[in-house]
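User: I've got a model open and want to go through a few spots in it. Can you take my questions one at a time?

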Amino acid sequence: MKLRVSPLATLLVALAVVTMVALGVWQLHRHVWKQERIARYAANATLPPMAFPRPPVGEEYLYRRASAFCLSVTQWQSRAGRDAQGRTGYRLIAECRTGAEGPGLKVEMGVTPDPGTRPQWNGGRVTGTIAAVPGERPVIASLLDKSRPLPLMLVSDVPAPGLAPSARPDPARVPDNHLFYAAQWFLFAVTAIALWLFAARRGAGARKPPDATA
(Lines give C-alpha, C1' and ligand atoms only; values in the text may rest on other atoms or scores of the structure.)
Protein backbone atom coordinates (compact mmCIF):
# COMPACT_ATOMS: atom_id res chain seq x y z
CA MET A 1 0.00 0.00 0.00
CA LYS A 2 1.34 3.39 -0.97
CA LEU A 3 1.59 5.76 1.98
CA ARG A 4 -0.01 9.18 1.60
CA VAL A 5 0.70 12.14 3.89
CA SER A 6 1.29 15.82 3.23
CA PRO A 7 4.91 16.94 2.76
CA LEU A 8 4.47 19.62 5.43
CA ALA A 9 3.25 17.09 8.01
CA THR A 10 6.12 14.78 7.13
CA LEU A 11 8.63 17.62 7.55
CA LEU A 12 7.20 18.62 10.91
CA VAL A 13 7.25 15.04 12.18
CA ALA A 14 10.79 14.56 10.93
CA LEU A 15 11.98 17.71 12.68
CA ALA A 16 10.24 16.66 15.88
CA VAL A 17 11.77 13.18 15.77
CA VAL A 18 15.27 14.55 15.12
CA THR A 19 14.86 16.99 18.03
CA MET A 20 13.61 14.31 20.42
CA VAL A 21 16.40 11.91 19.50
CA ALA A 22 18.96 14.68 19.97
CA LEU A 23 17.50 15.44 23.41
CA GLY A 24 17.66 11.75 24.31
CA VAL A 25 21.33 11.55 23.29
CA TRP A 26 22.01 14.74 25.28
CA GLN A 27 20.45 13.15 28.36
CA LEU A 28 22.70 10.11 27.91
CA HIS A 29 25.72 12.43 27.91
CA ARG A 30 24.32 14.15 30.98
CA HIS A 31 24.05 10.77 32.71
CA VAL A 32 27.76 10.09 32.10
CA TRP A 33 28.62 13.61 33.29
CA LYS A 34 26.50 13.20 36.46
CA GLN A 35 28.07 9.82 37.26
CA GLU A 36 31.52 11.38 37.01
CA ARG A 37 30.45 14.11 39.45
CA ILE A 38 28.97 11.58 41.89
CA ALA A 39 32.20 9.56 41.77
CA ARG A 40 34.19 12.72 42.53
CA TYR A 41 31.91 13.59 45.44
CA ALA A 42 32.22 10.05 46.81
CA ALA A 43 36.01 10.36 46.63
CA ASN A 44 35.82 13.71 48.48
CA ALA A 45 34.01 12.01 51.35
CA THR A 46 37.02 9.71 51.90
CA LEU A 47 39.62 12.50 52.04
CA PRO A 48 41.13 13.72 55.33
CA PRO A 49 39.37 16.64 57.05
CA MET A 50 40.33 20.13 55.94
CA ALA A 51 39.78 23.70 57.08
CA PHE A 52 36.58 25.10 55.64
CA PRO A 53 37.63 26.81 52.38
CA ARG A 54 37.40 30.55 51.99
CA PRO A 55 35.43 31.81 48.97
CA PRO A 56 35.49 31.96 46.07
CA VAL A 57 35.25 28.18 45.85
CA GLY A 58 33.22 25.74 43.79
CA GLU A 59 31.58 22.36 43.85
CA GLU A 60 34.97 20.63 44.01
CA TYR A 61 34.74 20.80 47.82
CA LEU A 62 31.29 19.25 48.15
CA TYR A 63 31.09 16.34 50.64
CA ARG A 64 34.56 17.02 52.07
CA ARG A 65 34.96 16.71 55.83
CA ALA A 66 35.94 20.07 57.27
CA SER A 67 36.06 22.22 60.40
CA ALA A 68 35.67 25.92 61.08
CA PHE A 69 35.30 28.34 63.97
CA CYS A 70 32.19 30.47 64.41
CA LEU A 71 33.06 33.55 66.46
CA SER A 72 29.42 34.54 66.90
CA VAL A 73 26.03 34.01 65.28
CA THR A 74 24.67 37.07 63.48
CA GLN A 75 21.34 35.51 62.43
CA TRP A 76 19.48 32.26 61.84
CA GLN A 77 17.79 30.91 58.72
CA SER A 78 15.43 27.96 58.36
CA ARG A 79 15.06 25.66 55.37
CA ALA A 80 12.92 22.57 54.88
CA GLY A 81 14.82 19.32 55.27
CA ARG A 82 15.25 16.07 57.17
CA ASP A 83 17.13 15.01 60.25
CA ALA A 84 19.46 12.03 60.59
CA GLN A 85 16.46 9.74 61.29
CA GLY A 86 14.72 10.80 58.08
CA ARG A 87 12.06 12.90 59.83
CA THR A 88 10.95 16.06 58.03
CA GLY A 89 11.44 19.40 59.69
CA TYR A 90 13.36 22.64 59.35
CA ARG A 91 17.10 22.88 59.03
CA LEU A 92 18.45 25.74 61.12
CA ILE A 93 21.40 27.48 59.53
CA ALA A 94 23.52 29.91 61.53
CA GLU A 95 25.21 32.80 59.78
CA CYS A 96 28.50 33.19 61.62
CA ARG A 97 31.05 35.90 61.97
CA THR A 98 34.54 34.51 61.45
CA GLY A 99 36.64 37.63 61.87
CA ALA A 100 36.68 41.40 61.73
CA GLU A 101 36.90 41.24 57.95
CA GLY A 102 36.24 38.78 55.19
CA PRO A 103 33.32 36.54 54.34
CA GLY A 104 31.18 34.89 56.95
CA LEU A 105 30.36 31.25 57.45
CA LYS A 106 27.08 29.36 57.27
CA VAL A 107 26.65 26.34 59.51
CA GLU A 108 23.68 23.98 59.62
CA MET A 109 23.28 23.22 63.32
CA GLY A 110 20.41 20.73 63.29
CA VAL A 111 16.75 20.17 62.54
CA THR A 112 13.60 21.17 64.41
CA PRO A 113 9.85 20.79 63.79
CA ASP A 114 9.38 24.50 64.57
CA PRO A 115 10.91 26.96 62.07
CA GLY A 116 10.73 29.72 64.68
CA THR A 117 13.17 27.95 67.01
CA ARG A 118 16.32 29.89 67.85
CA PRO A 119 18.89 27.60 69.52
CA GLN A 120 20.92 28.64 72.52
CA TRP A 121 24.15 28.41 70.56
CA ASN A 122 26.39 31.40 70.05
CA GLY A 123 29.29 29.86 68.19
CA GLY A 124 32.40 27.77 68.64
CA ARG A 125 34.35 25.17 66.68
CA VAL A 126 32.27 23.13 64.26
CA THR A 127 33.20 19.91 62.49
CA GLY A 128 31.07 18.42 59.76
CA THR A 129 30.54 17.94 56.04
CA ILE A 130 30.60 20.58 53.31
CA ALA A 131 27.34 21.00 51.40
CA ALA A 132 25.70 23.54 49.12
CA VAL A 133 23.68 26.27 50.81
CA PRO A 134 20.03 25.32 50.16
CA GLY A 135 17.84 27.65 48.16
CA GLU A 136 20.52 30.13 47.11
CA ARG A 137 21.88 28.64 43.92
CA PRO A 138 21.44 25.19 42.36
CA VAL A 139 24.60 23.10 42.04
CA ILE A 140 23.93 22.69 38.31
CA ALA A 141 24.01 26.49 37.87
CA SER A 142 27.48 26.69 39.40
CA LEU A 143 28.73 23.96 37.09
CA LEU A 144 27.52 25.86 34.03
CA ASP A 145 28.58 29.31 35.23
CA LYS A 146 32.11 29.20 36.64
CA SER A 147 32.14 32.98 37.17
CA ARG A 148 29.81 32.63 40.17
CA PRO A 149 31.09 30.21 42.82
CA LEU A 150 28.70 27.84 44.55
CA PRO A 151 27.71 29.03 48.06
CA LEU A 152 28.89 26.42 50.56
CA MET A 153 28.09 25.71 54.19
CA LEU A 154 29.16 23.27 56.87
CA VAL A 155 26.66 20.68 58.15
CA SER A 156 27.63 20.11 61.78
CA ASP A 157 28.07 16.60 63.12
CA VAL A 158 26.90 17.75 66.56
CA PRO A 159 23.58 19.62 66.74
CA ALA A 160 22.98 22.73 68.77
CA PRO A 161 21.14 22.19 72.08
CA GLY A 162 17.50 21.29 71.52
CA LEU A 163 17.93 20.31 67.87
CA ALA A 164 18.01 16.90 66.20
CA PRO A 165 21.15 15.99 64.24
CA SER A 166 21.00 16.90 60.57
CA ALA A 167 21.17 14.21 57.91
CA ARG A 168 24.78 13.99 56.83
CA PRO A 169 25.25 15.01 53.18
CA ASP A 170 25.67 11.83 51.15
CA PRO A 171 26.78 11.75 47.49
CA ALA A 172 24.77 8.54 47.06
CA ARG A 173 21.63 10.68 47.35
CA VAL A 174 22.56 12.97 44.47
CA PRO A 175 19.72 12.51 41.94
CA ASP A 176 20.49 11.13 38.50
CA ASN A 177 17.33 10.84 36.41
CA HIS A 178 19.02 11.33 33.05
CA LEU A 179 18.57 7.75 31.87
CA PHE A 180 14.85 8.01 32.60
CA TYR A 181 14.63 11.30 30.70
CA ALA A 182 16.58 9.82 27.78
CA ALA A 183 14.20 6.86 27.60
CA GLN A 184 11.26 9.29 27.61
CA TRP A 185 12.61 11.27 24.67
CA PHE A 186 13.32 8.12 22.65
CA LEU A 187 9.82 6.85 23.43
CA PHE A 188 8.34 10.16 22.27
CA ALA A 189 10.28 9.83 19.02
CA VAL A 190 9.04 6.28 18.43
CA THR A 191 5.48 7.36 19.21
CA ALA A 192 5.70 10.26 16.74
CA ILE A 193 6.90 7.88 14.00
CA ALA A 194 4.13 5.40 14.81
CA LEU A 195 1.47 8.12 14.66
CA TRP A 196 2.84 9.35 11.33
CA LEU A 197 2.70 5.82 9.89
CA PHE A 198 -0.83 5.38 11.20
CA ALA A 199 -1.96 8.67 9.66
CA ALA A 200 -0.22 7.87 6.39
CA ARG A 201 -1.81 4.43 6.06
CA ARG A 202 -5.21 5.82 7.00
CA GLY A 203 -4.85 8.54 4.38
CA ALA A 204 -3.83 5.98 1.78
CA GLY A 205 -6.88 3.86 2.58
CA ALA A 206 -9.20 6.86 2.31
CA ARG A 207 -7.84 7.68 -1.16
CA LYS A 208 -8.06 4.11 -2.50
CA PRO A 209 -10.37 4.06 -5.59
CA PRO A 210 -13.57 1.99 -5.29
CA ASP A 211 -13.58 -1.55 -6.67
CA ALA A 212 -14.85 -1.38 -10.30
CA THR A 213 -16.39 -4.87 -10.04
CA ALA A 214 -18.57 -3.93 -7.04
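**A walk through some buried spots**

Analyst: Let's start with Arg65, which counts as buried because its relative accessibility is 19%, where buried means under 20% relative accessible area, exposed over 50% and partly exposed in between (1.4 Å probe, protein chains only). Before you ask more: this is a predicted model, where local features need pLDDT of at least 70, side-chain atom pairs count only at pLDDT 80 or more, and totals for chains, interfaces and linings use all residues. Residues are numbered from 1 along each chain as its sequence is written, and side-chain values use heavy atoms, with hydrogens and water left out.

User: Which side chain does the side chain of Arg65 make a polar contact with?

Analyst: Arg65 sits in strand E2, residues 65–70; helices (H or I, at least four residues) and strands (E, at least two) are DSSP runs numbered from the N terminus. A polar contact is a pair of N or O atoms within 3.5 Å; within protein, one must be able to donate a hydrogen and the other to accept it, and residues adjacent in sequence count only if both atoms are side-chain atoms. The Arg65 side chain also reaches the backbone oxygen of Gly128 at 3.4 Å. The side-chain partner, at 3.1 Å, is Thr129.

User: Is the disulfide of Cys70 and Cys96 left-handed or right-handed?

Analyst: The sulfur atoms of Cys70 and Cys96 are 2.2 Å apart, and a disulfide here is a pair of cysteine sulfur atoms within 2.5 Å. The pair links distant parts of the chain, with Cys70 in strand E2 and Cys96 in strand E4 (residues 88–97), 26 residues apart. Cys70 is buried at 0% relative accessibility, and Cys96 is buried too, at 5%. The torsion about the S-S bond is about -95°, so the disulfide is left-handed.

User: Which residue has its backbone nitrogen 3.4 Å from a polar atom of the Ser166 side chain?

Analyst: Ser166 is in the loop between strand E7 (152–156) and helix H3 (178–206), and it is buried, with a relative accessible area of 8%. Leaving aside neighbours within four places in sequence, its contacts (heavy atoms within 4.5 Å) include Arg82, Glu108 and Val155. The backbone nitrogen in question belongs to Gly110.

User: What is the phi of Tyr63?

Analyst: Tyr63 lies in the loop between strand E1 (50–51) and E2, and at 15% relative accessibility it counts as buried. Most residues other than glycine have a negative phi. Tyr63 has a positive one, near 75°.
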